[in-house]
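Let's walk through this structure together, with an eye on how side chains meet. Keep the picture in view as you read.

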Amino acid sequence: MTDDPMRALIRDEILTAMQEARPAQYTRDDLAHMSPEQIAEARRAGHFDDLLFGRN
């Protein structure tokens, strides 16, 4: 792979867009203040992905 500056710029823009498109990530503290229904809905929407996959 070359050190093409345009390629690096495009890659960075794509990574930034992907991060911005992700749902906000909730923490264990958020979880402690939520009802079971809220937790289930947030989990389905992807708000606990970092927590569930050990990234938080």
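Asp12 has a relative accessibility of 39%, so it counts as partly exposed (buried means under 20% relative accessible area, exposed over 50%, and partly exposed in between, with a 1.4 Å probe and protein chains only). Its partner in a salt bridge is Arg11, with the closest N and O atoms 3.7 Å apart; a salt bridge here is a side-chain nitrogen of Lys or Arg within 4 Å of a carboxyl oxygen of Asp or Glu. Arg11 is partly exposed too, at 43%.

The model is predicted: local features need pLDDT of at least 70 and side-chain atom pairs count only at pLDDT 80 or more, while totals for chains, interfaces and linings use all residues. Residues are numbered from 1 along each chain as its sequence is written, and side-chain values use heavy atoms, leaving out hydrogens and water.

How many salt bridges does the structure hold? There are three. Asp50 and Arg22 form one of them, at 2.7 Å from N to O. Asp50 sits in helix α4 and Arg22 in the loop between α1 and α2, so this pair ties together parts that are 28 residues apart in sequence (helices are DSSP runs of H or I with at least four residues, strands are runs of E with at least two, and both are numbered from the N terminus). Asp50 is buried at 13%, whereas Arg22 is partly exposed at 32%. Arg55 also forms a salt bridge with Asp50, at 2.9 Å between the closest N and O atoms, and Arg55 is exposed at 54%. Through shared partners, Arg22, Asp50 and Arg55 join into one network.
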